[in-house]
Amino acid sequence: MMTVENYFIYVIMPILSLSMILIFIRFLKGPAVADRVVALDLLITVGVGVIGVFSLIADDPVFLDVAMILALIAFLSTVAFSNYLIKRNRDD
Amino acid sequence: MTDILIMILSTVGAIFVLISSIGIVRMPDFYTRLSITIKAATLGIGCILTAAAIHFAEFSTTTKVLAIVFFLFITSPVAAFLIARSAYISGIKLWKRSVVDELQDKYDNKNEIPVNPCKEEGEE
Amino acid sequence: MLKYFLLNLLLTFVWVALTGQLNYSNFVFGGAAGFFILWMLTRRSRNADKEYFYRVPKILVFILYFLYDMMEANLRVAIDVMTPNYHTTPGIIKYKLDAKTDFEITMLTNIIALTPGTMVIDIAEDKSYVYIHTMYLTDKKKFIKNLKARTETKLLEILR
């Protein structure tokens, strides 16, 4: 008999890990800097999901605080990177 | 009953995340990749966190989850807009099978895509 | 308009305080009860007072509609990703805005960006055009007409 906890450990977590690996392939390959920034942003977004599933497995809602902070930081890093891209383009 | 609901929601969320990650590897150019990934991932994370809120069923946890989903839904379009604009200005080209590019006359992006193949509709 | 919203909020809190259960279904029920009571009380008053009671159902319908649109477009993109060939015909088109203020443009941009396949790339200097990148462009006029009728008109109806 499959409990909910086993379902999370053996089905959901592998799917999320597989998608993290795929995103990391794009992060390594990405021809331009912008591709890497998007891959990084998506990596952090999936990380928020992983933390949510982990808080379900551990049965402890404290981990959701970490997810909230991570969701805010991801936005800031993307804004900073795009600002940098525009500035670099204007300089040369 | 609650268990089945949690399972369905988290499975749907995980599948959306998987689709967006396959999309970011497979899609041909930067703009199509961006427009697939950001939204599918946001929807998937929303489903997973909703499953967490249903599992805990507490007032404080539900508020936290609502705050996270709200942040994601507000910030991810803004981030996508910023990175797409700076990518276009810094000269990342569109896919060669794109149909039309009407932004070309504002910034010179050096695409080989026609500016306006469809006839401009008359001034009404 | 604002007066009735605040009254509705006050009635909600009174309901929650009286029943003493702090959870979401109680909040929602209190809000619905307060809305219904205020609606009954203003049945015979001026039209300007009744505006709030037309607007709230419209907002709810718009949110449901938007969620439906988003699910449908997501499934379309998912099928496109999973099947081997590319079915996309991407392009950037110019779209004339009816929205005037910054807030309206921001809301419209967010909604366009959250429906998969479309995304705003740039805004003209004088805020009269936006440049939209879309993945399924077959007929330009039809796309613009569709976007105007299905999204922008409804959004402006709510916000103005």
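Reader: What makes B:Arg33 and A:Asp35 a salt bridge?

Author: The closest N and O atoms of B:Arg33 and A:Asp35 are 2.5 Å apart. The rule asks for a side-chain nitrogen of Lys or Arg within 4 Å of a carboxyl oxygen of Asp or Glu, so the pair qualifies. Across the interface of chain A and chain B, the rule finds 2 salt bridges.

Reader: Which helices of chain A supply the side that touches chain B?

Author: Helix 1 (4–29), helix 2 (33–58) and helix 3 (63–91) of chain A each supply at least two residues of that side. The largest share, 15 residues, comes from helix 2 of chain A. By class, the side of chain A that touches chain B has 30 nonpolar, 9 polar and 6 charged residues.

Reader: How many residues of chain A and chain B are in contact, and what area do the two chains bury?

Author: In chain A, 45 residues are in contact with 45 residues of chain B. About 3900 Å² is buried between chain A and chain B, with 81% of it on carbon and sulfur atoms. The rule also finds 6 residue pairs in polar contact across this interface, both residues being at pLDDT 80 or more.

Reader: Why is the pair C:Asp122 and B:Arg85 called a salt bridge, and why does the pair join two chains?

Author: The side chains of C:Asp122 and B:Arg85 meet at 3.0 Å, N to O. Over all chains, the structure holds 8 salt bridges. C:Asp122 lies in strand 2 of chain C and B:Arg85 in helix 3 (residues 59–89) of chain B, so the pair joins two chains. Across the interface of chain C and chain B, the rule finds 1 salt bridge.

Reader: What else describes the interface of chain C and chain B?

Author: The rule finds 6 residue pairs in polar contact there, both residues at pLDDT 80 or more. Several elements of chain C give two or more residues to the side that touches chain B, among them helix 2 (24–41), strand 1 (91–96) and helix 5 (140–159). Helix 3 of chain C gives the most, with 8 residues. That side has 25 nonpolar, 11 polar and 6 charged residues by class. The contact takes 42 residues from chain C and 42 residues from chain B. The area buried between chain C and chain B is about 3900 Å², and carbon and sulfur atoms give 70% of it.

Reader: Which residues of chain B does UniProt annotate as "transmembrane region", and what do the spans consist of in the model?

Author: The unreviewed UniProt entry gives this annotation to residues 6–25, 37–59 and 65–88 of chain B. Residues 37–59 of chain B are 91% helix and 0% strand, and their end C-alpha atoms lie 31 Å apart. Residues 65–88 of chain B are 100% helix and 0% strand, with end C-alpha atoms 34 Å apart.

Reader: How confident is the predictor in chain A?

Author: The mean pLDDT of chain A is 86, and 97% of its residues reach 70 or more. Among the elements of chain A, helix 1 has the highest mean pLDDT (90) and helix 3 the lowest (84). Where pLDDT is low, predicted coordinates should not be read in detail.

Notes. Residues numbered from 1 in each chain as written. Chains lettered and ligands numbered in written order. Heavy atoms only, no water. Contact = heavy atoms within 4.5 Å. Buried area = accessible area lost by both parts, 1.4 Å probe. Polar contact = N/O pair within 3.5 Å; in protein donor to acceptor, adjacent residues only side chain to side chain. Helix = DSSP H or I, 4+ residues; strand = E, 2+ residues; numbered from the N terminus. Nonpolar A, V, L, I, M, F, W, Y, C, P; charged D, E, K, R; others polar. UniProt positions renumbered as here; feature names shortened; annotations may be inferred. pLDDT = per-residue confidence, 0-100.
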